[in-house]
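I opened the model today and kept notes as I went. The entries follow in the order of the look-ups.

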Amino acid sequence: MNAITHLAPEWHNWIQENLSRGCAPQSLIDDMVRNHFDPVFARAAVNGIMSGPFVATAKPPPQTQSSNGYVYERPRLYAGNLIRTSDRDVRVVTRVNRPMIAVLDGVLSEEECDELIRRSADKMRRSTTVDPLTGKHEVIADRSSEGTFFTLNADPFIARLDRRISEVMNWPVENGEGLQILHYGVGGEYKPHFDYFPPEDPGSQVQMTIGGQRVSTMVMYLNEVEEGGTTIFPDIGLEVVPKKGSAVYFEYTNSQNQLDRLTLHGGSPVTRGEKWIVTKWMRQRRYGEAAA
């Protein structure tokens, strides 16, 4: 049976009625999936009815093409100003259309930020990046941070965050890499780079055997930085200032496997204080799953 991707009037009324009764949005989505709705469509329907008029349609998404040939499709991120997850509301502060970037407020609570730092502080190691030739993780001068990571759904606390983050990014939780925690001291920076795996690099093929290409990133800020430490997108002149609990989200791989080079980004040097972030990368398919 094909998954359902249209919303009949009775289902529309059912969602509205149950939301008005105070039912949790995630419970409605789960019920719809059990009734053979496509999971992504079900979430879009519930979120759309909560945030405003929802038009259920199977029409192809609008597309625009950039000067470098990248086709901008309908973003995965929800279109409204408020993203309702199963346990928290997240506000969209800023959007950029080309490339698709959004600044989000309230992704994490202050207590969650503090807990992630507490859990990470005693197991930090010098950060690595993927070697373009071998695909192995190596220490490089361009990335002067220390880090650690938590495997997907490592414990109930991490599982709650993984679920919420996947709901915000509107992509299956199982397609996500584990949360990566990074710490930068004074002078710490990450020079401009791409998060996707450049297909021209031999090492990229090694990485893409487990889950395919990366499609989107969310960088969440765990503390207030006294000075510096911004996330920069040099090709479009955008600079995002860290705010505790907020995040910057961006997409760079479309359904045609094209890659958006305008998402070149980096972390500017911390000039005063320190910077803590947690990063989530999403893949095309289940992370750890080899191509058929």
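**Entry 1: the cavity**

What volume does the largest cavity have? I read about 140 Å³. This is a predicted model, and I keep that in mind throughout. With a threshold of 30 Å³ or more, I count 1 cavity.

I then listed the lining of the largest cavity, which has 15 residues. The closest to its centre are Tyr190, His193, Val219, His265 and Ile277. By class, the lining holds 6 nonpolar, 6 polar and 3 charged residues.

Which strand gives the most to this lining? E19 does, with 4 residues. Strands E10 (179-184), E11 (190-193), E17 (265-267) and E19 (275-283) each supply at least two residues.

Val219 came up in the lining, so I turned to its strand, E12 (residues 214-221). I found 8 of its 8 residues buried.

I checked the pairing next. E12 runs antiparallel to E19, and 7 bridges join the two. Arginine 214 has arginine 283 in E19 as its bridge partner. E12 also pairs with strand E16 (residues 247-251), again antiparallel, over 5 bridges. There, valine 219 stands opposite valine 248.

One reminder for reading these pairs: side chains alternate between the two faces of the sheet in a regular strand.

**Entry 2: the open sheet**

In what order do the 4 strands of the open sheet lie? I get E11-E17-E14-E15, with antiparallel pairing. E11 and E15 (238-240) are at the edges. Each has a single partner strand, so one side of each lacks a neighbour in the sheet. The twist averages 15° from one strand to the next.

I zoomed in on E14 (residues 231-233). Its antiparallel pairing with E15 spans 3 bridges. Threonine 231 faces valine 240 of E15.

Glycine 267 belongs to strand E17. Is glycine 267 buried or exposed? Its relative accessibility is 10%, so I log glycine 267 as buried.

**Entry 3: helix H2 and what follows**

I looked for buried residues in helix H2 (residues 25-34). They are Pro25, Gln26, Leu28, Ile29 and Met32. Why do I place them on the same side of H2? They cover an arc of only 160° around the axis, which puts them there.

Histidine 36 follows H2. Its phi is positive, about 80°, although histidine 36 is not a glycine. I place histidine 36 in the loop between H2 and helix H3 (39-51). With a relative accessible area of 45%, histidine 36 is partly exposed.

**Entry 4: other backbone points**

I searched for another positive phi in a residue other than glycine. Asparagine 257 has one, near 65°. Asparagine 257 sits in the loop between E16 and E17. At 52% relative accessibility it counts as exposed, because the cut-off is over 50%.

Where is the cis peptide bond that I noted? It joins arginine 98 and proline 99, with omega about 0°. Proline 99 lies in the loop between strand E4 (89-96) and strand E5 (101-105).

Key. Residues numbered from 1 in each chain as written. Predicted model: local features only at pLDDT ≥ 70, side-chain atom pairs only at ≥ 80, totals over all residues. Heavy atoms only, no water. Buried < 20%, exposed > 50% of the residue type's maximum accessible area, 1.4 Å probe, protein only. Arc of directions from axis to C-beta. 1 Å grid on protein atoms, 1.4 Å probe; cavity = no way out; pocket = protein on both sides within 12 Å on 5 of 7 lines; lining within 4 Å. Points joined across faces, edges and corners; volume = space filled by probe spheres on them. Nonpolar A, V, L, I, M, F, W, Y, C, P; charged D, E, K, R; others polar. Pairing = 2+ DSSP bridges. Axes fitted to C-alpha atoms, helices over the stretch in contact; angles between N-to-C directions.
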